[in-house]
Amino acid sequence: MAKKVSTKKAETQAEAPVILRPDVDLAIEKRLVALYTLQSVDSEIDKIQIIRGELPQAVQDLEDEIAGLNTRIENITTEIKETEAANKTRLTEVADHEEMIKKYQKQQENVRNNREFESLAKEIEFQNLEIQLCERKNKEGAAKVKELKSNIEAAKTLVENRTKDLDAKREELTSIIAETEKDEARLLAKSKEQEQYIDERYLTGYKRIRNAARNGLAVVTIDRDACGGCFSAIPPQRQMEIKMHKKVIVCENCGRILVDDDIAAKAKAQLEK
């Protein structure tokens, strides 16, 4: 029994200084400080990525929209060429029909009876109908080409405006990356540093909770007698256990790790070193 008391005393003495070193077995308080410190660092990284995260998506959306507009312009241009080619073909057909009419009219001058004359007259009427059909289709084609060209101009104007927006977004993104990349690199290094002070079991749990939480908070303080993550009430007895720092305690509602203000203050001091 005496041996156990001695061991416990030695452990208490080892836990006293809140100095986080990878070569020391972490006591519960040290684990909690390390976890809250890690959470603070990761939350700062989240803020940077949130600011940056909106811009890349905006840039990607604009790039996709411009690509879609350019594809539309290409498709319309192809349709215009096809319509104009069809109109040109029909003009050739009109000329052919007119030649046939002249031919039939000349043949009418040498007919031997009314039957031949009427037959040639029907052929002439048919050729005239074909000419009218070609002219109607050409008129429709010309109107279509006019509309398509108007659509191209509108699309080109939209591409020009979207390109200006894209250039502005890219410039803004580049500026933000330049401003934040040093801070992000420093925070990422700090995050990795804190991870080495936490047992694998707790680190795995921390990451699992953090990934499941919308706001990325896996370690929270008690705020107005409630969980700082889901705001569920924490009973007084539970709060007392949290303040004792004897074990890692999680919120019974959301599963987040709970710490008191003392742990938060020590973590803040750790970050300021």
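In which sense do S1 and S2 pair, and over how many bridges? They pair in the antiparallel sense, over two bridges. Two strands count as paired if DSSP finds at least two bridges between them.

## Basis of the model

This is a predicted model: local features need pLDDT of at least 70, side-chain atom pairs count only at pLDDT 80 or more, and totals for chains, interfaces and linings use all residues. Residues are numbered from 1 along each chain as its sequence is written, and side-chain values use heavy atoms, with hydrogens and water left out.

## The sheet

Four strands make an open sheet in the order S2-S1-S4-S3, with mixed pairing. Strand S2 (226-227) and strand S3 (249-250) are the edge strands, and each pairs on one side only. Helices (H or I, at least four residues) and strands (E, at least two) are DSSP runs, numbered from the N terminus. Strands of a sheet pair through backbone hydrogen bonds, either parallel or antiparallel.

Strand S1 (residues 219-223) pairs with strand S4 (residues 257-259) in the parallel sense, over three bridges. Val 219 stands opposite Ile 257 in S4. Thr 221 stands opposite Val 259 in S4. On the S2 side, Asp 223 has Ala 226 as its bridge partner. The hairpin of S1 and S2 has two residues between the strands, and Arg 224 there takes a positive phi near 55°. Four of the five residues of S1 are buried, so S1 is largely enclosed by the rest of the structure. Buried means under 20% relative accessible area, exposed over 50%, and partly exposed in between (1.4 Å probe, protein chains only).

## Salt bridges

The count comes to 17 salt bridges. The rule asks for a side-chain nitrogen of Lys or Arg within 4 Å of a carboxyl oxygen of Asp or Glu. One of them joins Arg 170 to Glu 63, with the closest N and O atoms 2.6 Å apart. This pair links distant parts of the chain: Arg 170 lies in helix H3 and Glu 63 in helix H2, 107 residues apart. Arg 170 counts as partly exposed because its relative accessibility is 37%. Glu 63 is also partly exposed, at 26%.

Lys 144 and Glu 79 form another salt bridge, with the closest N and O atoms 3.1 Å apart. Lys 144 is in helix H3 and Glu 79 in helix H2, 65 residues apart, so this pair too links distant parts of the chain. Lys 144 has a relative accessible area of 35% and is partly exposed. Glu 79 is partly exposed at 31%.

The side chains of Arg 112 and Glu 116 also meet in a salt bridge (3.1 Å, N to O). Arg 112 counts as exposed, at 74% relative accessibility. Glu 116 is partly exposed, at 27%. Elsewhere, Glu 29, Asp 262 and Lys 266 are linked in a network of salt bridges.

## The negative patch

Glu 93, Asp 96, Glu 98, Glu 99 and Glu 135 form a negative surface patch. Patch residues have over 30% relative accessible area and no salt bridge, and like charges are joined within 9 Å. Asp and Glu count as negative.

Helix H2 (residues 28-108) gives the most to this patch, with four residues. Glu 135 sits in helix H3 (residues 114-195). Glu 135 counts as partly exposed because its relative accessibility is 45%.

Definitions and conventions: Patch = residues over 30% accessible without salt bridge, like charges linked within 9 Å, V, L, I, M, F, W, Y side chains within 5 Å. Areas by Shrake-Rupley, 256 points an atom, 1.4 Å probe, with all protein chains shown as cover. Charge placed at Lys NZ, Arg CZ, Asp CG, Glu CD.
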